[in-house]
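Take a look at the fold below.

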Amino acid sequence: MSSTEMLARRRQWLLVLAALGFLLWQLCTLVLALARKAVPVPALLVASLAGFLVFIAALGGVFVWAKKARGHAALEDEMTRHNRLAAFVAGFWGMLIAATALFAAGQFIAFPGAEAARAVMMAGVVVPLLRFALLEGKG
């Protein structure tokens, strides 16, 4: 495996880790906010912290990886730019679907605005990260 392929795989896995860490962090925070208990569940707090740390570590890895990848023009080719735009489109549609689902659910159950915004934001971050990693894996 060439160094370009290795760097591309590393980017792909770091993005997946960042997406999963962000999702774990935000889901635990969302559950804690919706539970509205006076005493938070320690397991959810630990899981939330673990998700945050995984997200930050993966993001840091992406920045370190970016420094190494600057010399590899093959990592920023036209296909990568196309995949990045397709991932942004997927993120837009993910946010739109999440907002629509929350709007529809809001007709039947009370869902606080801050938590609804958190759910839409989660879709807007996780969907494009996973979509880009998926597209890069196919390429």
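Predicted model: local features only at pLDDT ≥ 70, side-chain atom pairs only at ≥ 80, totals over all residues.

Residues are numbered from 1 along each chain as its sequence is written, and side-chain values use heavy atoms, with hydrogens and water left out.

Start with the fold. The chain has four helices and zero strands. Helices (H or I, at least four residues) and strands (E, at least two) are DSSP runs, numbered from the N terminus. The order of elements from the N terminus is α-α-α-α. Along the principal axes, the C-alpha atoms fill a box of roughly 55 × 30 × 20 Å. Of the 139 residues, 31% count as buried. Buried means under 20% relative accessible area, exposed over 50%, and partly exposed in between, with a 1.4 Å probe and protein chains only.

Now follow α1. This helix has 33 residues. From first C-alpha to last it reaches 47 Å, close to the 48 Å expected at 1.5 Å a residue. The expected span is 1.5 Å times one less than the number of residues. After α1 comes R36, with a positive phi near 50°.

R11 sits in α1. Is R11 buried or exposed? At 5% relative accessibility, R11 counts as buried. Which residue forms a salt bridge with R11? The partner is E136, and the closest N and O atoms are 2.6 Å apart. A salt bridge here is a side-chain nitrogen of Lys or Arg within 4 Å of a carboxyl oxygen of Asp or Glu. R11 lies in α1 and E136 in α4, so the bridge ties together parts that are 125 residues apart in sequence. E136 also counts as buried, at 16% relative accessibility.

The C-alpha atoms of R11 and V62 are separated by 6.4 Å, while the two residues are 51 apart along the chain. V62 is found in α2 and is buried, with a relative accessible area of 17%. From V62 to R10 the C-alpha separation is 8.5 Å, across 52 residues of chain.

Next comes the largest nonpolar core. It has 17 residues, of which L14, L15, A18, F22 and L129 touch the most other members. α1, α2 (42-69) and α4 each supply at least two residues of this core. α1 gives the most, with seven residues. A nonpolar core is a set of buried Ala, Val, Leu, Ile, Met, Phe, Trp, Tyr and Cys residues joined through side-chain atoms within 4.5 Å.

Finally, turn to the second largest pocket. About 230 Å³ of space lies in it. A pocket is an open set of points on a 1 Å grid over the protein atoms alone, where a 1.4 Å probe fits, with protein on both sides within 12 Å along at least five of seven lines; lining residues have an atom within 4 Å of a point. Points are joined across faces, edges and corners, and the volume is the space filled by probe spheres set on them. The lining includes R11, L15, W65, E76 and L129. α1 (3-35), α3 (78-105) and α4 (113-138) each supply at least two lining residues. Which helix gives the most to this lining? α4 does, with five residues.
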